[in-house]
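Please keep the structure open as you go.

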Amino acid sequence: MGEPIALQKAYWTEWNAANRERGLSEISQDQRDLTLAWLERLGRKDLNIIEVGCGAGWLCPALEAFGQVTATDLSEEVLERAQKRVPGVRFVPGDFMALDFPDEGFDVVVTLEMLAHIADQPAFVAKLARLLRTNGALILATQNRPVLERMNDVAPTEPGQLRRWVDRDELTALLTPHFEIDEIRCMTPIAGKGLWRLVAGRIVRGVIRRLIGRVYDRSLERLGLGWTLMVLARKRGG
């Protein structure tokens, strides 16, 4: 069983106010950049997009360049502030699994770092698929479990915080009943634990990046050492 929704809402209200309403991490910036690159690949500016787990709405202004945007998250308070910053987006607060969105109502679903905070992940993925038209695109980012567990010291969960990280194989297994996977990317190598800091610590990466750019980061990502797993997938035909 997961934490009660009211407790989750309280946690994420406080978290967004302290984090995403103040600025973006390197991880979020990388996720934003790849999301926009994949949307550009679709070649359309008239898409009907829903962002599931939009947090403070930080990605929404960029999504608006590709069409009409609906965005949802738990906290009414956070989304009220987001609505003032991004008036052209339709913000819908509430528990996504209980909200009523139209089946096959969207061309694209974007969901960044929400999967790990869902109690019933197969049901969540199934609902994402129901919202998409046939061949609609899913852009999903989630934490890469082996890297967080082995290479980083992550603080224990707090009341209201669910944590169910997945690895690449587990993510693939969750998605394939409903989606054809076009691409999986491992992104943003970050390590803060033990000898891994000598490979992907922030200081090490910073020094090497100044010498050779992001070539070293890309090499680590190809080895699967990124913080994020990011997927572009298409809904299977009925």
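Arginine 85 and glutamate 21 join their side chains in a salt bridge, at 3.6 Å from N to O; the term covers a side-chain nitrogen of Lys or Arg within 4 Å of a carboxyl oxygen of Asp or Glu. Arginine 85 sits in helix α4 (residues 76-85) and glutamate 21 in the loop between α1 (5-18) and α2 (26-42), so the pair ties together parts that are 64 residues apart in sequence. Helices here are DSSP runs of H or I with at least four residues, numbered from the N terminus.

This is a predicted model, where local features need pLDDT of at least 70, side-chain atom pairs count only at pLDDT 80 or more, and totals for chains, interfaces and linings use all residues. Residues are numbered from 1 along each chain as its sequence is written, and side-chain values use heavy atoms, leaving out hydrogens and water.

**Accessibility of the opening pair**
- Arginine 85 is partly exposed at 46% relative accessible area, a class between buried (under 20%) and exposed (over 50%), with a 1.4 Å probe and protein chains only.
- Glutamate 21 is partly exposed too, at 26%.

**A link between α2 and α9**
- Glutamate 26 and arginine 209 form a salt bridge at 3.3 Å, N to O.
- This pair links distant parts of the chain, with glutamate 26 in helix α2 and arginine 209 in helix α9 (residues 202-212), 183 residues apart.
- Both residues belong to a salt-bridge network that also includes Asp30, Arg202, Arg205, Arg214 and Asp217.

**Within α4**
- Glutamate 77 and arginine 81 meet in a salt bridge at 3.2 Å, N to O.
- They both lie in helix α4, four residues apart, about one turn of the helix.

**Whole structure**
- A search of the whole structure finds 25 salt bridges.

Methods:
Helices (H or I, at least four residues) and strands (E, at least two) are DSSP runs, numbered from the N terminus.
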